[in-house]
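This briefing is for a reader who is new to the structure. Please look at the sequence and the model first, then read the notes below by topic.

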Amino acid sequence: MKTFFKIPVFLMIGLSLAFVGCTHDDRTDTTVPVDPDLASYEAADVVSGYKLFNDFRKAETGSTDDFVPNDATVDPAHINDYNEFYRCKSCHGWDLKGRYGSYINRGPQAARPDVAAIQLVNLQYSDKRVIFDKIKNLGGPAVDPARTADGLNPALGGNNHADYSVILSDAQIWDLVKFLKEGALDTDQLYQINTTGTYPSGTLAFSDIGRDGNAASGNTFYTNKCASCHGTDGKLILFGGTTSVGKFARTKPYELQFKVLSGQLGTAMGHTPTSLSEMKNLLKALNDNVAYPN
């Protein structure tokens with residue numbers, strides 16, 4: 001004998017209303033939130049970031065005479081006279097590796113601070129607002145000649161990251177952020193740096209300069225972009241009066257790669273658009289000490 005279960009009418013009506021009323025209106029909103037920093041970041045300029053990292057005092061015109069701090073109460077001379085305490089490259093290095101790369105032996109002196117223990121590589125994976133806030137360092141140490149009087153005396157505080165909100169505008173800081181996230185080349189892809197010991201008394205040497213680059217393509221790049229000023233053999237302009245382009249590339253590839261992209265501020269040498277592969281090719285070519293002698 002079959003058994004029948006009777007469902008109360010009010011329950012059936014309730015279930016019906018529940019199914020009829022079941023819509024997608026209560027789903028979690030999947031709208032991507034608007035990034036308030038996106039417009040500022042997209043408007044930023046990578047090349048300007050290169051120049052600012054090199055020397056923000058010369059980034060606009062190539063001359064420190066036109067440098068104006070973001071805060072009008074800051075005396076430009078307090079930065080110009082102690083510029084090594086404020087230039088990004090002075091603490092972080094041309095390769096962004098701080099004391100773990102090309103500046104492993106660049107100890108502090110009276111006129112410059114020690115090198116940062118924090119590396120800035122791989123920041124392309126970091127949040128742009130975090131980078132922005134770290135650079136701006138609102139409320140950090142003030143621009144003060146007494147603080148930057150002697151890099152050998154860290155008790156003065158000159159080795160601490162200054163409050164860059166009084167030095168750089170927000171737009172300039174965004175340029176630096178964009179450079180760090182999109183512009184900086186991975187120097188590990190350009191050469192092998194061999195370090196021994198620890199900062200500040202470590203040693204370094206370079207090998208495999210140009211890595212898997214193509215020397216023939218590098219020679220073409222040099223002929224088209226560099227030879228008119230530096231000469232076909234790289235000896236027309238000698239850095240410091242003694243160093244050819246070839247020697248510079250073989251002894252300081254970390255600085256050469258940066259100077260190609262930022263330009264030599266204050267001179268006729270401007271930014272040269274260069275991809276990672278083109279930089280490999282150029283360094284590969286310049287590593288030939290016959291074609292580009294010392």
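In this predicted model, helix H3 meets helix H7 through Val46, Ser48, Gly49, Tyr50, Leu52 and Phe53 on the H3 side, and through Gln172, Asp175, Leu176, Lys178, Phe179, Glu182 and Gly183 on the H7 side. By class, this contact has six nonpolar, four polar and three charged residues. The notes that follow cover the helix pair, H7 itself, the cysteines and one glycine.

**Helices H3 and H7**
- Two packed helices are described by the angle between their axes and by the distance between those axes.
- For H3 and H7, the axes come within 7 Å and cross at roughly 100°.
- An angle of 65 to 115 degrees counts as roughly perpendicular, and H3 and H7 are therefore roughly perpendicular to each other.

**Helix H7**
- Helix H7 covers residues 170-183, which makes 14 residues.
- At 1.5 Å a residue H7 should span 20 Å, and its end C-alpha atoms are 18 Å apart, which agrees.
- H7 is mostly covered, with eleven of its 14 residues buried.
- Among the buried residues of H7 are Ile173, Trp174, Val177, Leu180 and Lys181.
- Gln172, Asp175, Leu176, Lys178, Phe179 and Gly183 are also buried in H7.
- The buried residues of H7 pack against helix H2 (38-43), helix H3 (46-55), helix H6 (128-136) and helix H11 (253-262).

**Cysteines**
- A disulfide is a covalent bond between the sulfur atoms of two cysteines.
- The model has zero disulfides when a pair of cysteine sulfur atoms must lie within 2.5 Å.
- Cys88 is in no disulfide, and the nearest cysteine sulfur, that of Cys91, is 8.8 Å away.
- For Cys91, the closest cysteine sulfur is in Cys88, and the 8.8 Å separation is too far for a bond.
- Cys88 counts as buried because its relative accessibility is 14%, under the 20% cut-off.
- Cys91 is buried too, with a relative accessible area of 16%.

**Gly202**
- Gly202 lies in the loop between strand E1 (192-196) and strand E2 (203-207).
- With 6% relative accessibility, Gly202 counts as buried.
- Leaving aside neighbours within four places in sequence, Gly202 is in contact with Ile104, Asn105, Thr196 and Gly197.
- The C-alpha atoms of Gly202 and Gly107 are separated by 9.7 Å, although these residues are 95 residues apart along the chain.

Technical notes: Residues numbered from 1 in each chain as written. Predicted model: local features only at pLDDT ≥ 70, side-chain atom pairs only at ≥ 80, totals over all residues. Heavy atoms only, no water. Buried < 20%, exposed > 50% of the residue type's maximum accessible area, 1.4 Å probe, protein only. Helix = DSSP H or I, 4+ residues; strand = E, 2+ residues; numbered from the N terminus. Expected span 1.5 Å × (residues − 1). Contact = heavy atoms within 4.5 Å. Axes fitted to C-alpha atoms, helices over the stretch in contact; angles between N-to-C directions. Parallel < 35°, antiparallel > 145°, perpendicular 65-115°, else oblique. Nonpolar A, V, L, I, M, F, W, Y, C, P; charged D, E, K, R; others polar.
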